[in-house]
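Below is an account of how two parts of one protein chain meet. Please look at the structure first, then follow the text through the interface.

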Amino acid sequence: MDFSSVDRTIADLETCLKTTREVSPTEELLVGVDLGTAFIVLVVMNSKKEPVACAMEFAQVIKDGLVVDYIGAMTVVKRLKAQLEERLGRELERAAIAVPPGTGESDCKTHGYVVEGAGMEVTNLLDEPTAANAVLGVEDGVIVDIGGGTTGLSILEKGKVVYVADEATGGTHLSLVLSGAYKVSFEEAEEIKRDYGRHKEIFAAVRPVIQKMATIVKGHIKGRNIKSVYLVGGTCCLTGMETVFEKELGIPVHKPANPFLVTPMGIALSSVSTGEQETDHGC
């Protein structure tokens with residue numbers, strides 16, 4: 001799969017972390033809120049589905065895809081919303097959200113309450129790998145979204161999701177391994193993990209965890225005619241991660257240049273107008 005157009009759009013979104021594209025006072029904006037285990041990300045797209053603004057903040061208020069600190073999560077979202085409203089000169093009133101595949105109804109509602117508590121109406125609720133596909137446009141294959149707490153996947157056939165799954169292994173587990181290997185705090189391990197210059201150095205230490213993630217995917221696709229796997233999510237930023245997956249699965253594995261922002265952008269692209277609310281994830 002040629003990710004060139006995806007990579008260009010993601011590069012535009014990265015630019016929007018520091019700069020803001022001008023929008024008209026009446027233009028419809030598509031807003032997505034990604035409540036991640038490590039980062040909360042808020043993305044704004046314009047009516048042409050172009051990135052216009054983005055803000056994110058490190059926060060440990062979500063664990064394994066579940067809200068464990070409601071007030072903390074709401075406070076972060078409210079703060080990011082205020083930042084972007086000041087940059088855009090407009091109020092953000094509605095947003096889409098996403099959850100790991102298989103999230104229970106009560107936990108889905110809690111994600112929604114976080115965003116509503118921050119002052120936005122939730123217009124769409126879907127699973128994270130499906131949100132990522134709003135950017136990737138995969139017709140047949142598996143989208144694997146690996147965040148801080150979980151490895152989630154969606155199997156697509158002819159552009160339709162036919163199976164979803166999620167298990168608790170993610171970037172947090174890589175950081176815990178690094179914390180023990182280097183005898184540093186979890187926070188220091190997080191910094192080491194995010195340092196691209198050290199990825200080659202740390203790869204041997206975290207490889208067993210990556211193999212476990214690949215094994216999770218292998219178990220869920222067993223017996224299915226899967227020809228391609230697509231990796232997204234912040235944890236997939238680890239250099240060379242796709243090579244381990246490809247070796248374990250024995251099928252081609254693809255990864256965009258920056259897999260971290262794919263899902264947040266997809267959530268924004270999946271935002272719908274009031275009265276058209278969808279629930280694509282099964283809550």
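A polar contact is a pair of N or O atoms within 3.5 Å; within protein, one must be able to donate a hydrogen and the other to accept it, and residues adjacent in sequence count only if both atoms are side-chain atoms. Five residue pairs, both at pLDDT 80 or more, are in polar contact between domain 1 and domain 2. The model is predicted, with local features needing pLDDT of at least 70 and side-chain atom pairs counting only at pLDDT 80 or more, while totals for chains, interfaces and linings use all residues. Residues are numbered from 1 along each chain as its sequence is written, and side-chain values use heavy atoms, with hydrogens and water left out.

The domain assignment, automatic or from a database, gives domain 1 as 3–132 + 262–270 and domain 2 as 138–259. Their C-alpha centres are 22 Å apart. Contact (heavy atoms within 4.5 Å) joins 19 residues of domain 1 to 26 residues of domain 2.

Between them the two domains bury about 1,600 Å², of which 62% is on carbon and sulfur atoms; buried area is the accessible area (1.4 Å probe) that two parts lose on being put together, summed over both. Of the area that domain 1 buries against domain 2, 30% comes from Phe3, Pro101 and Pro129, more than from any other three residues.

No salt bridge is found across this interface, the rule being a side-chain nitrogen of Lys or Arg within 4 Å of a carboxyl oxygen of Asp or Glu.
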